[in-house]
Amino acid sequence: MAVGSCFVWTLMGMLAVLCEATEETVAAPVKDEPMFGVLDIVLIVALLGIAGWWLFKRKDDSSSKPVYTIQPTTLGAPSQQTGENSFIKKLKSSGRSLVAFYGSQTGTGEEFAGRIAKEGIRYHLKGMVADPEEYEMGELINMKDIPNSLAVFCLATYGEGDPTDNAMDFYEWLQNGEADLTGLNYAVFGLGNKTYEHYNAVAIYVDKRLEELGATRVFQLGLGDDDANIEDDFITWKDKFWPAVCEHFGMEATGEEVSVRQYQLTEHPEINPERVYTGEVARLHSLTNQRPPYDMKNPFLAPVRVNRELHKSGDRSCMHIEFDINGSKMRYDTGDHVAVYPENDATLVARLGKLLDADLDTIFTLTNTDEDSSKKHPFPCPTSYRTALTYYIDITSNPRTHILKELSEYAQDPKEKEQLRLMASTSPEGKQLYNQWIIQDNRNILHILEDMPSVKPEIDHLCELLPRLQCRYYSISSSSKLYPTTVHITAVKVEYTTPTNRLNKGVATCWLSNKIPPVDDGSPPMVPIFIRKSQFKLPTRMQTPILMIGPGTGLAPFRGFIQERDLARRDGKPVGNTILYFGCRKKAEDFLYQEELEGYEKTGLLTMHVAFSRDQGEKVYVTHLLNQNKDEVWTVIGENNGHLYVCGDARTMARDVHDIVVQVVQEKGNMTQEQALAYVKKMEAQKRYSADVWS
């Protein structure tokens with residue numbers, strides 16, 4: 001009020017001066033100019049008008065002025081969560097007591113969680129599937145408020161013992177928090193690969209940590225091995241899991257499992273084409289109306305600028321492909337991965353449509369019958385069956401047992417029905433038959449329908465059952481400093497004949513092999529991609545020596561490493577020893593980037609050891625060369641505190657390299673085996689021993 005009074009009194013004082021000046025102007029001689037002109041008078045009048053309006057408004061607002069108070073802030077208390085990110089609210093509102101969380105990079109973990117939730121109804125446990133990234137996981141402390149509640153975690157281990165992207169926040173919450181989880185009933189199934197050193201590390205940690213925080217383990221930890229038969233591991237675990245759940249809660253199963261459709265079909269005879277998905281990952285028209293930022297749900301449509309063959313001869317093919325990311329605002333670091341969204345072969349899609357007697361151009365929508373589920377559709381809808389089978393559904397992998405069980409309901413031939421039911425069972429005979437007929441003989445859904453002609457599933461049901469087609473990840477084989485606007489990959493084209501004499505083709509590599517840029521100025525082929533960050537990085541200091549082991553396409557990230565260090569050398573910076581162990585079959589056939597690597601060798605930047613496994617009678621691999629050069633290895637990792645990198649096959653090569661490194665440390669470092677193992681563990685913790693491997 002004091003400020004307003006001063007404002008008004010100031011204006012009144014200015015008005016008084018104006019009046020006095022006007023009077024003086026009238027009495028003064030004509031030759032004297034007035035103190036205030038017409039513009040000054042207009043300005044003063046305007047100011048008086050504003051002052052009057054301000055006083056009137058202040059008086060009018062004073063009676064309705066709100067009272068503001070400062071309230072204490074509640075930081076994410078789980079009991080306060082009532083919005084869409086509250087799984088407790090969804091459980092209570094829908095009368096559920098089972099929640100199956102998943103940590104999934106390729107979709108398998110999500111699929112297993114869905115199967116657990118679906119089967120729960122047989123055991124009086126109505127369930128829901130939940131992505132931990134979408135919910136407030138602190139609400140686990142409130143699970144005890146729901147009678148007979150159970151949380152199941154299907155968690156994959158990714159990379160070097162890391163959680164999947166969607167489970168990262170939950171994993172860190174467990175690591176850093178001290179929540180009281182007393183009253184939480186839980187079980188954990190892990191998805192891992194025994195060829196990796198950190199086998200199922202995430203599931204093992206979560207299982208142990210939940211117990212430490214007071215939760216009750218209802219059934220023992222299950223460990224699935226994707227290198228063997230993870231489906232067999234899962235159904236074996238699940239076969240014992242449900243009886244343990246019944247015993248824990250004092251319940252009994254309701255009887256035989258009934259096939260229940262998760263999604264409801266709607267076909268659209270007439271629909272605006274602008275509303276129909278044509279291959280987009282998430283946002284409608286995202287591939288025609290591109291806008292950053294680009295990520296897994298919004299890939300960038302990158303032009304292919306180069307696609308050339310790296311093999312000089314032979315019956316195999318390895319491609320060097322360059323994607324143009326100029327203008328995308330995407331950035332990558334040397335050692336990162338690029339993800340490619342492929343398409344299924346159009347011929348396979350057409351054959352599948354014919355086997356199902358389906359009109360592939362029919363537009364349809366599959367809608368989740370569970371209205372509380374955050375997943376409304378299994379893939380972007382509405383779309384056509386052709387689009388779904390081309391872009392969204394995996395039609396080339398080996399179907400899992402629950403799919404065979406659903407297929408058996410469509411079999412008209414009793415023998416085919418019985419065979420499918422047997423393979424879907426958990427009996428030793430069923431598991432053996434599934435392993436032989438599906439896994440070893442490498443049959444996909446198309447092969448099954450061809451070999452069992454009486455099986456005619458509804459196409460929409462098949463679209464519901466089959467897993468999502470996943471993006472493929474490739475190590476980037478270029479330096480971001482040398483090629484900031486292009487991403488290079490090095491990929492072997494996958495083609496092989498199955499035991500049933502069928503030609504199987506790699507979905508992504510065979511699709512990419514046809515993405516050939518035109519010789520003229522025509523439009524280049526386009527590929528949906530996004531960048532995924534990696535921990536596979538060069539040392540911060542260029543002087544640090546590095547030793548790289550990468551046979552075959554394991555060379556890919558090291559090409560980027562070498563390019564980056566060569567760029568530093570040309571800029572006059574000191575660069576440490578750069579040593580590469582590379583292997584291929586024959587020097588004349590598949591020595592990848594031979595001229596380029598030999599050029600770096602001539603400049604003195606690169607020391608290269610190459611093993612050609614089939615150029616002599618006895619096979620020679622990079623591990624043989626590594627074993628012969630133990631002094632060099634110890635000089636790098638022991639005497640000079642250097643970094644060691646491994647990229648390629650996890651099943652044999654990476655494991656053999658690890659054993660050799662431990663042996664080198666033990667022998668050259670004068671340590672016991674236990675001390676040597678601890679030394680290598682410390683290297684891994686310091687990111688001085690890094691692996692980018694696959695099986």
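Author: S19 and S22 pair in the parallel sense over four bridges. Keep in mind that this is a predicted model.

Reader: What makes S19 and S22 a pair?

Author: The rule asks for at least two bridges between two strands. S19 and S22 have four, so they count as paired.

Reader: Why is strand S22 called mostly covered?

Author: S22 spans residues 643-649, and six of its seven residues are buried. Buried means under 20% relative accessible area.

Reader: What makes S8 and S13 edge strands?

Author: The open sheet has three strands in the order S8-S12-S13, with antiparallel pairing. S8 (263-267) and S13 (383-384) each pair on one side only. S8 and S12 (residues 363-368) are joined by five bridges in the antiparallel sense. The partner of Tyr-263 in S12 is Asn-368.

Reader: Now the rings. How many aromatic pairs are there?

Author: The count comes to 31 aromatic pairs. Take Phe-101 and Phe-153, a stacked pair with 5.3 Å centre to centre and 15° between the planes. Phe-101 is in strand S1 (residues 98-103) and Phe-153 in strand S3 (residues 150-158), 52 residues apart. Phe-101 and Phe-153 are buried.

Reader: Why is the pair Phe-536 and Phe-561 called stacked?

Author: Two tests apply. The centres must lie within 6.5 Å, and Phe-536 and Phe-561 are 5.7 Å apart, centre to centre. The planes must be under 30 degrees apart, and theirs make 25°. Phe-536 is in the loop between strand S18 (526-532) and strand S19 (546-549). Phe-561 belongs to helix H16 (residues 556-570), 25 residues apart from Phe-536.

Reader: Why are Phe-536 and Phe-561 called buried?

Author: The cut-off is under 20% relative accessible area. Phe-536 has 2%, so Phe-536 is buried. Phe-561 has 0%, so the label holds there too.

Reader: Which residues do ring pairs link into a cluster?

Author: The cluster holds Phe-112, Tyr-123, Phe-189, Phe-219, Phe-234, Trp-237, Phe-241 and Trp-242.

Reader: What makes you say that the charged end of Arg-532 sits over the ring of Tyr-473?

Author: The distance limit is 6 Å from the ring centre. The charged end of Arg-532 is 3.5 Å from the centre of the Tyr-473 ring, so the distance test is passed. Arg-559 lies over the face of Tyr-593, at 4.5 Å from the ring centre.

Reader: How do you know how many cavities to count?

Author: The count takes cavities of 30 Å³ or more, and comes to one. About 40 Å³ of space lies in the largest cavity, so that cavity passes the cut-off.

Reader: Which residues line the largest cavity?

Author: The lining is Asn-229, Glu-231, Asp-232, Ile-235, Thr-401, Met-423, Ser-425, Lys-431 and Tyr-434. They divide into three nonpolar, three polar and three charged. Helices H7 (230-249) and H12 (428-440) each supply at least two lining residues. H7 gives the largest share, three residues.

Methods
Residues numbered from 1 in each chain as written. Predicted model: local features only at pLDDT ≥ 70, side-chain atom pairs only at ≥ 80, totals over all residues. Heavy atoms only, no water. 1 Å grid on protein atoms, 1.4 Å probe; cavity = no way out; pocket = protein on both sides within 12 Å on 5 of 7 lines; lining within 4 Å. Points joined across faces, edges and corners; volume = space filled by probe spheres on them. Nonpolar A, V, L, I, M, F, W, Y, C, P; charged D, E, K, R; others polar. Phe/Tyr/Trp six-rings, centres within 6.5 Å; stacked < 30°, edge-to-face > 60°. Buried < 20%, exposed > 50% of the residue type's maximum accessible area, 1.4 Å probe, protein only. Lys NZ or Arg CZ within 6 Å of the ring centre and 35° of its normal.
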